[in-house]
Amino acid sequence: MAKLDAPQIVTSRVGLDDGHTLARYLATGGYESLRRALSMSPAAVAEEVDAASLLGRGGAGFPAGRKWSMLKKDPVTYLVVNGDESEPATFKDRLLMERDPHQLVEGVIISAWALQVTAAFIFVRGEFGLGLERVLTAVNDAYAHGALGLDIFGSGFSLDVVVHPGAGAYICGDETALLETLEGKRGFPRIKPPFYPAAIGLYGQPTVVNNVETLSNIPWIVLNGGRAFAALGKGRSTGTRLFALSGRVRRPGVYEIEMVHNTFRDLIFDPALGGGTTDDVAIKAVIPGGASSPWFGPDLLDVPLGQDEVAEHGSMLGSGSVIVIGANDCAVRAAWRLTRFFQRESCGQCTPCREGAGWLERILRRLETGGGRREDIDLLLDVCDNIAPGLGWPPQQTTICPLGPSIPSPITSAIALCKDEFFAHVEHGGCTDG
Amino acid sequence: MSHFLPGFRLRAEGIVALYPHARSATLPLCHLAQEQDGYLSANAMVEIAELTETTPAEVRGTASFFDLFHLEPVGTYVVGVCTNIACLLAGGLELLAHAERSLGVAVGETTAEGTFTLEECECLGDCDVAPCVQVNCRFVRTTTPDAFDSLIDQLRTGAIPEIPRFGLLSRVRRSVGLAVPTEVIATERARVAAEATSNDRAAG
């Protein structure tokens, strides 16, 4: 049974036609949290966020409070919001930016106060035309309302926020690639060390990079207390989380539900959530956390939607996007298309990723279109092993950023779950699904 | 002689002023050039280099990394069909094939009269309305061949208010420059830091 009694922490306004406007935001308690935060010390605000045990909602799931505490003391520091949502089948941050941009902006201002940063930048994915317009409008309105600029609400705290448009590159979701882009360069992830922008980030200054959903949680946490947030969920996975559900389900969409107390089966089948599969088709596989995550077979549908719970079963909750692949869908074609995505989006710095993705894509394409050979299955695994030696999870790192070692996920998953389909493609000279 | 028209040049300078380092304005300025010209021309990149204190090669190097910057002229409407995983399952490849037949061009090409450019996109983040189609970075939510064709017919015969011409990424502009002088920030932050330290001492 799905547990659906948790509060709507970040989606309380997404169903409203005018949830994006300042008037509606103020009428529904907007900017009260900022007033509260400004009456507290920055350290006290940070403590609430730490008490909430809020895990980053971008994909890596790093605790936000810890990230904040790592920010090196320096006269010049920055906060950068990662709104470059591009992980395949992830569409929750877009929803938040389009439907409740003030909530994000308020979260940014509160965080800037807690962190005492010099300035904040909101990086919005270029393809999100409406999202960009809504966030820009919200920032303009926040200045006019006195929530941004000089002496915010008479508190003696001043801040500028700049909205920065991206231009279409998945890799800019990697925080160091995002910072390079914000500096006006190609989106190349930075070589580590330094491991954390909190030490050396934008323009070499200490920088916190947080995801849109992460920061959208902050106003509620400050108003209701970090403990109230931590009381939801279980273990390390506290609070609610947005799950973007797509693929073979009756009711695809974004659902905010409590972590851990719900399972993949709840999300897919509950009438208030996914409502079951399309035409009641059997499930072949579920991609539990975005294109980079290893797939689950139908035997793992009862795994709880929690960070550690999914990790224990060899995958990751990642960006919170759940994709349902039906019994009649071709696993080879799905693996091929995801591999082509990685091949197109590889920044090209590291050989295993740049070359490996291309080889894998060509092998999968020939399997799908009729030129496949029996030995191709072993060849695929061999190339995957060169990119992420051992093919374990989490993958071994051979590259600057995690994109490369993510490439094997769909391929090894599809082979593990549907090996017969690969051999059938060889025998029948390609895909027989049409 | 400025490549940016006077109004655009003024906006360009306003954008540069928003950042601690001029080079950060590279992406916004490339978008601005596309808004003026409909694509990112070599002359625009020369002026962007001047504005961002870089070289035209560096601007080109950055711009060529990104899908949204077109270094050659494109149609008034850039139509993107997604074929990534959620759209693939919903028939994205089939819709893309239909779009090619319907527009009479292959992926990457522009129709003869210069109205439409067709692209195959990676996930655009509208996966609950799959397969996803965007025109000039706006979701149009035409998931069937018929709906796609009627949208194209509409665009052929006249504009649709929700869809700006290609290059105009945001119809909303920032209404203010930076409101806080650098020295005010420095003073405020130093004061709060000093208070925190003295509180620590009092507590410790």
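A:Arg35 lies over the face of A:Phe153, 3.8 Å from the ring centre, where a charge is taken to sit over a ring if NZ of Lys or CZ of Arg is within 6 Å of the ring centre and within 35 degrees of the ring normal. The model is a predicted one, in which local features need pLDDT of at least 70 and side-chain atom pairs count only at pLDDT 80 or more, whereas totals for chains, interfaces and linings use all residues. Side-chain values use heavy atoms, with hydrogens and water left out, residues are numbered from 1 along each chain as its sequence is written, and chains are lettered from A and ligands numbered from 1 in the order in which they are written.

Over all chains, the structure holds 14 aromatic pairs, a pair being rings of Phe, Tyr and Trp (its six-membered ring) with centres within 6.5 Å, counted as stacked if the planes are under 30 degrees apart, as edge-to-face if over 60, and as tilted for the rest. One of the pairs, formed by A:Phe62 and A:Tyr196, is tilted, at 5.9 Å centre to centre and 40° between the planes. A:Phe62 lies in the loop between helix H3 (42–52) and helix H4 (64–69) of chain A and A:Tyr196 in the loop between helix H8 (175–182) and strand S4 (207–211) of chain A, so the pair ties together parts that are 134 residues apart in sequence. Here helices (H or I, at least four residues) and strands (E, at least two) are DSSP runs numbered from the N terminus. A:Phe62 is partly exposed at a relative accessible area of 22%, and A:Tyr196 is partly exposed at 40%, with buried meaning under 20% relative accessible area, exposed over 50%, and partly exposed in between (1.4 Å probe, protein chains only).

A:Phe188 and B:Phe65 form an edge-to-face pair, at 5.7 Å centre to centre and 85° between the planes. Because A:Phe188 lies in the loop between H8 and S4 of chain A and B:Phe65 in the loop between helix H4 (56–63) and strand S1 (77–82) of chain B, the pair joins two chains. A:Phe188 is partly exposed at 26% relative accessibility, whereas B:Phe65 is buried at 13%. A:Tyr78, A:Phe121, A:Tyr203 and B:Tyr19 form one aromatic cluster.

The loop between H8 and S4 of chain A also holds A:Pro193 and A:Pro194. A cis peptide bond joins A:Lys192 and A:Pro193, with omega about -10°, and a cis peptide bond likewise joins A:Pro193 and A:Pro194, with omega about 5°.

In chain B, 4 strands form an open sheet of mixed pairing in the order S2-S1-S3-S4, two strands being paired if DSSP finds at least two bridges between them. Strand S2 (116–121) and strand S4 (138–139) of chain B stand at the edges with a single partner strand each, so one side of each is left without a neighbour in the sheet. S1(B) and strand S3 (residues 133–135) of chain B pair in the antiparallel sense over 3 bridges, and the bridge partner of B:Gly80 in S3(B) is B:Gln134.

In chain A, strand S7 (residues 240–247) is joined to S8(A) by 6 bridges, the two running antiparallel, and A:Thr240 stands opposite A:Glu258 in S8(A). A hairpin joins S7(A) to S8(A) through 5 residues. Of the 6 residues of strand S8 (residues 253–258) of chain A, 5 are buried, so the strand is largely enclosed by the rest of the structure.
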